[in-house]
Amino acid sequence: MVQICCGPDGGLYDKSFTNPMPWIGIYVAAATMACAILIALDVLDAVIQKKTWFPCKFFSLNATSFTLIGIGIKFSADINTPMPRNHDQLAKLSGTILMCTLMGKTIPSLGTTENKEIFVNVLALAILVITLIVDICIQLKTGAIYKFQTEHVIVICLMLLLLAIVTSVGIAVPAIKRHLEMKYNIEHRSSMIRASDETTENLVVEKLRKDLARMWFLAHTSSPQFLIGRSALSLTSTTICLFGLITLLEAITRAHTFSPKVCSGQSSYKWTTSFVLFSQTIAVGVGSIAPLCRFVGIFNSELLASETKLVENYWLETLEELRDCSLSTRFNNQYLSKLAHDVKRWVLELVILLQQVVVAACRVCFLFTFSFMIGLLPTFFCHKDLGLLNLEHMLIKRTEYWFKTGQKKQPKYLIDVLMQNASTKQVILPSFCRAKPPCWALVVATLTSISIAIPHPSCDSNLVKKLLKGVNEGLRYAKFIEKKLDAAGDLRSLRKAADVVWVKADLYREWLHESLDDLRAENTTVFNEKLYRIADSWFKDTMVTAGINTNSLVWDENSSKWPIEALAAYAMMKITEQLKKEELGSWENLFARIRYMISSTFRDCFKNLGHVISKEFDQGTSRGREERVRLSIILLGETEEILRILEPRNVSSSDEAQMPSIAMQNADTLPLTSSDDGITIVTK
């Protein structure tokens with residue numbers, strides 16, 4: 001550490017104060033490059049997904065981006081560090097234009113921002129912009145910025161225009177979301193009515209594909225980012241960003257082509273100003289790609305048809321609601337309450353007027369630019385609804401792409417398990433399968449633990465390995481189905497017990513803390529008895545530890561809240577109890593029976609797969625709807641063969657009345673000692 005003290009003349013020794021400045025320059029360049037990389041990821045993702053409105057996914061208006069932007073504009077906001085040379089002055093200008101570019105690029109991200117966060121984010125952006133403008137004005141006055149002064153004035157005006165557009169969009173976003181959600185619900189109901197009228201001949205996969213294709217299109221067109229990114233305000237912000245890019249290119253060209261007189265000396269940032277200028281130019285260029293692509297993709301009659309008014313109602317709806325509502329705080333004096341309400345109303349009337357001016361001006365700019373582009377390139381815009389048709393065609397292709405992506409990941413080992421030969425015996429599941437929905441995963445995990453404990457020389461070891469792989473693939477879908485059907489989370493403990501049993505069996509070859517190798521016996525009868533005794537001991541010990549009396553215990557709706565070890569032991573007890581009754585004899589017969597029981601349990605679980613897939617994309621709000629539909633399409637591709645195997649017995653994707661196919665029987669009590677405690681599933 002350097003000791004700072006007074007110099008020989010008594011003044012402060014400050015020569016070393018500027019030593020860290022180049023490191024600050026590197027820090028600024030690094031933050032700028034981070035912005036460029038995140039923006040490039042957004043562009044790459046939009047190109048891959050073929051989203052012509054270029055949504056904001058990696059770089060949007062949030063705390064992280066504000067931090068990066070604040071660091072990136074450090075040179076532009078530095079009011080007292082001498083920056084005399086051409087590239088020093090250009091670095092100040094490039095930082096200001098970078099601010100404009102990032103504002104224009106991130107406007108659509110307000111559509112996916114929570115309503116409570118929009119005000120905070122817009123206010124933070126306004127503070128950042130106004131602070132930067134004040135700093136630039138100070139530098140113009142003091143002479144810290146002595147070159148490209150005209151360009152700085154132009155960019156200040158562009159920033160104010162962009163701030164007005166961002167504020168207008170932020171005000172309208174809550175109403176836009178409501179407007180799009182209402183339109184989505186109407187279109188969704190109409191789509192489902194049309195789908196119900198179509199004859200599908202019980203082809204569940206084909207019906208789901210059609211439903212998902214419809215939802216894929218609706219999810220995209222009802223996205224707030226889609227509407228904002230293709231709105232007239234987005235076009236205007238794109239035009240402003242284009243002016244900013246042209247201004248930067250003009251300044252760079254003028255600085256290198258002409259040789260006006262510049263001041264001598266060197267900035268305290270030294271060589272890093274060139275590095276910052278380069279990184280900010282790259283960031284401005286990359287950041288301009290998304291707005292320019294929106295600029296091209298926005299010109300179609302779909303937008304003109306969708307906005308029949310100069311100012312649509314949703315741009316003013318939020319402000320009008322605030323204007324007409326009463327104040328949340330009332331004064332004791334009625335006159336003061338009336339005065340406060342009138343002042344609020346007058347202020348909001350002024351804000352509404354400004355909102356109308358901003359939106360109308362952007363709309364006029366759009367119409368002017370649209371007319372100009374049609375006159376310039378008439379053949380490109382000669383077809384009515386060209387953009388909408390192209391969008392629909394593109395989304396259909398993306399649906400096929402995601403479906404084929406899922407087809408490449410089909411669970412072949414699980415399909416092999418499901419194709420097991422049918423048994424003439426019924427499969428009786430434990431009484432916790434009376435729950436609604438049942439916990440199939442716990443049954444499968446317990447049965448698989450028993451299959452691992454069977455002596456491998458007595459059966460083909462390859463069959464055991466394939467069974468484990470199939471169960472591993474099947475449990476993923478079984479747990480997904482259980483979680484979706486158990487929306488209230490009442491059976492969370494059962495699902496957790498299934499996870500514990502499966503992890504122990506798959507990774508450690510244990511059941512709870514018992515080694516499966518130590519459970520082997522000389523014959524199947526002794527084997528089943530041994531499993532039952534161990535499970536019974538675990539069950540009683542766990543329940544006693546939990547302070548639950550097991551003397552008159554019955555399975556009821558509260559039993560799912562038992563300790564996890566007790567639930568796992570209960571499942572093992574009931575399954576081994578059934579196996580003891582069947583007296584299968586040889587190890588081969590026992591393994592074959594267990595394998596079929598696993599197959600039958602999976603089949604019964606997957607009867608609900610079509611129902612779950614069809615409901616997955618129909619849940620929640622617009623935020624994340626596209627991702628849910630995309631994942632549903634991939635899931636349908638993965639499980640296509642499974643659905644075809646079960647197709648004769650599967651439920652319709654649109655039939656809400658069809659609920660899980662087991663657990664339909666009602667019983668008041670189920671004593672633990674009952675010999676026929678379970679549900680019979682009749683299978684072919």
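This is a predicted model: local features need pLDDT of at least 70, side-chain atom pairs count only at pLDDT 80 or more; totals for chains, interfaces and linings use all residues.
Reader: How many salt bridges does the rule give here?

Author: The count comes to 24 salt bridges.

Reader: Where do Arg-254 and Glu-250 lie?

Author: In general, an α-helix has 3.6 residues a turn, so residues three or four places apart point the same way. In this model, Arg-254 and Glu-250 both belong to helix α9 (residues 232-257) and are 4 residues apart, about one turn of the helix. They form a salt bridge whose closest N and O atoms are 3.0 Å apart. Arg-254 is partly exposed, at 31% relative accessibility, and Glu-250 is partly exposed as well, at 34%.

Reader: Which residue forms a salt bridge with Glu-638?

Author: The partner is Arg-476, with the closest N and O atoms 2.8 Å apart. This pair links distant parts of the chain: Glu-638 is in helix α24 (residues 625-638), Arg-476 is in helix α18 (residues 461-485), and 162 residues separate them.

Reader: Is Glu-638 buried or exposed?

Author: The general idea is a threshold: buried means under 20% relative accessible area. Glu-638 has a relative accessible area of 4%, so this residue is buried. Arg-476, with 47%, is partly exposed.

Reader: Which parts of the chain does the pair of Glu-529 and Lys-580 tie together?

Author: The side chains of Glu-529 and Lys-580 meet in a salt bridge at 3.8 Å, N to O. Glu-529 lies in helix α20 (residues 524-545) and Lys-580 in helix α21 (residues 564-582), so the pair ties together parts 51 residues apart in sequence. Glu-529 is partly exposed, with a relative accessible area of 32%; Lys-580 is also partly exposed, with 26%.

Reader: Which residues are linked in a network of salt bridges?

Author: Arg-323, Asp-324, Arg-345 and Glu-349 are linked in such a network. Asp-324 lies in helix α13 (residues 317-324) and is partly exposed, at 46% relative accessibility. Between Asp-324 and His-341 the C-alpha to C-alpha distance is 9.3 Å, while their separation in sequence is 17 residues.

Reader: How many aromatic pairs are there?

Author: The count comes to 10 aromatic pairs. One of them is Tyr-477 with Phe-606, an edge-to-face pair with 6.4 Å from centre to centre and 80° between the planes. Tyr-477 is in helix α18 and Phe-606 in helix α22 (residues 587-606), 129 residues apart, and the pair links these distant parts of the chain. Both residues, Tyr-477 and Phe-606, are buried.

A further edge-to-face pair is Phe-539 with Trp-562, at 5.6 Å centre to centre and 65° between the planes. Phe-539 lies in helix α20 and Trp-562 in the loop between α20 and α21, so the pair ties together parts that are 23 residues apart in sequence. Phe-539 is buried at 2% relative accessibility, and Trp-562 is buried at 7%.

Reader: Which residues form one aromatic cluster?

Author: Tyr-477, Phe-602 and Phe-606 do.

Reader: Where does the charged end of Arg-209 sit?

Author: The charged end of Arg-209 sits over the ring of Phe-403, 3.9 Å from the ring centre. Another case is Arg-630, which lies over the face of Trp-402 at 4.6 Å from the ring centre.

Reader: Which residues form the nonpolar patch on the surface?

Author: The patch consists of Phe-331, Tyr-335, Leu-336, Leu-339, Val-343, Trp-346 and Val-347, with about 720 Å² of accessible area together. Among them, Leu-339 is in helix α14 (residues 334-376) and counts as partly exposed, at 37% relative accessibility.

Reader: What does helix α5 reach from its first C-alpha to its last?

Author: Helix α5 (residues 115-142) has 28 residues and reaches 41 Å, close to the 40 Å expected at 1.5 Å a residue. The buried residues of α5 include Ile-118, Val-122, Leu-125, Val-129 and Ile-136, along with Asn-121, Asp-135 and Gln-139. After α5 comes Gly-143, with a positive phi near 95°.

Note on methods: Residues are numbered from 1 along each chain as its sequence is written. Side-chain values use heavy atoms; hydrogens and water are left out. A salt bridge is a side-chain nitrogen of Lys or Arg within 4 Å of a carboxyl oxygen of Asp or Glu. Helices (H or I, at least four residues) and strands (E, at least two) are DSSP runs, numbered from the N terminus. Buried means under 20% relative accessible area, exposed over 50%, partly exposed in between (1.4 Å probe, protein chains only). Rings of Phe, Tyr and Trp (its six-membered ring) pair if their centres lie within 6.5 Å; planes under 30 degrees apart count as stacked, over 60 as edge-to-face and the rest as tilted. A charge sits over a ring if NZ of Lys or CZ of Arg is within 6 Å of the ring centre and within 35 degrees of the ring normal. Patches are made of residues with over 30% relative accessible area and no salt bridge: like charges are joined within 9 Å, nonpolar side chains (Val, Leu, Ile, Met, Phe, Trp, Tyr) within 5 Å. Accessible areas come from the Shrake-Rupley method with a 1.4 Å probe; for residues, only the protein chains shown count as cover. The expected span of a helix is 1.5 Å times one less than its number of residues.
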